[in-house]
Amino acid sequence: MKNPTAIFRKLFSTFISWLHLLIQQNNQPDFKRNPHRLPRQVYTLASIEIEWLKTCKIQGIILDLDNTIVSEDDRYLSPYAEDWIKQAKLAGLQFFILSNGKRRYRVKYWSRRLDIPALSPAKKPFPPAFRQATAYMKLPAKQILVIGDSLHTDFVGALICRCGFIQVASLPHPPRWWEKLAGKWVQIPYPSGGELWDFDDTAGYESFF
């Protein structure tokens, strides 16, 4: 009898390879009519060129929270992320946060701090939350980009809803059980020695309990 663990790993590896292939084929909204490519992967939110988004006719962004903007353990912030969001808003882009986090007070805090509507728990990659965000922005899927750190939630959700997708590196955080098993296949590790900002306003959460 074959080792069940080996079979699982092979099936999972095949699934992840399929996901990466789909990223290459599907992450460019309206690509056949637009010769400009968006990157598939970046290290930080702020490294995405806003002009790229405008050139590709992106008008709305569905944004992940945990390990994309702030680390799940509230230790680190993604450098320049808040400034980038402000600049993107000035450029006319709309935002909506979808978070699978169950600590709703954190999501409410960040929703107010960033002045972005948010939904939690979003139960990504299932489509209802993505559809709610799309309906709120009143935009067609081809004009919406999903940005997050995980393929199995953010990318799969984007794929189902026919939105574009860019994957950012996961901010350093204590690994969850599934990340110990599959994290290297579905997330980009944050670069060693990469710039990180400390988050020092956890006391601000108290008003949202």
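Select tryptophan 84 and phenylalanine 95: both are buried (under 20% relative accessible area with a 1.4 Å probe, counting protein chains only; exposed means over 50%, and partly exposed lies in between). The model is a predicted one, in which local features need pLDDT of at least 70, side-chain atom pairs count only at pLDDT 80 or more, and totals for chains, interfaces and linings use all residues. Residues are numbered from 1 along each chain as its sequence is written, and side-chain values use heavy atoms, with hydrogens and water left out.

**The whole chain**

Of its 209 residues, 50% count as buried.

**The largest nonpolar core**

A nonpolar core is a set of buried Ala, Val, Leu, Ile, Met, Phe, Trp, Tyr and Cys residues joined through side-chain atoms within 4.5 Å. Which residues touch the most other members of the largest one? Select Trp84 and Trp110, which hold that position among its 34 residues. Elements that each supply at least two residues of this core include helix H2 (50-55), helix H3 (81-90), strand S4 (94-98) and helix H4 (104-114). H4 gives the most, with five residues. Another core, of 19 residues, lies apart from this one; select Ile62, Ala133, Cys161 and Trp178, which are among its members.

**Aromatic pairs**

Rings of Phe, Tyr and Trp (its six-membered ring) pair if their centres lie within 6.5 Å; planes under 30 degrees apart count as stacked, over 60 as edge-to-face and the rest as tilted. By this rule there are 10 aromatic pairs. Return to tryptophan 84 and phenylalanine 95: their ring centres are 6.1 Å apart and their planes stand at 80°, so the pair is edge-to-face. Tryptophan 84 belongs to helix H3 and phenylalanine 95 to strand S4, so the pair ties together parts 11 residues apart in sequence.

Now select tryptophan 110 and phenylalanine 199, whose ring centres are 5.4 Å apart with planes at 40°, so the pair is tilted. Tryptophan 110 lies in helix H4 and phenylalanine 199 in the segment after strand S8 (197-198), so this pair ties together parts that are 89 residues apart in sequence. Both of these residues, tryptophan 110 and phenylalanine 199, are buried.

Conventions. Helix = DSSP H or I, 4+ residues; strand = E, 2+ residues; numbered from the N terminus.
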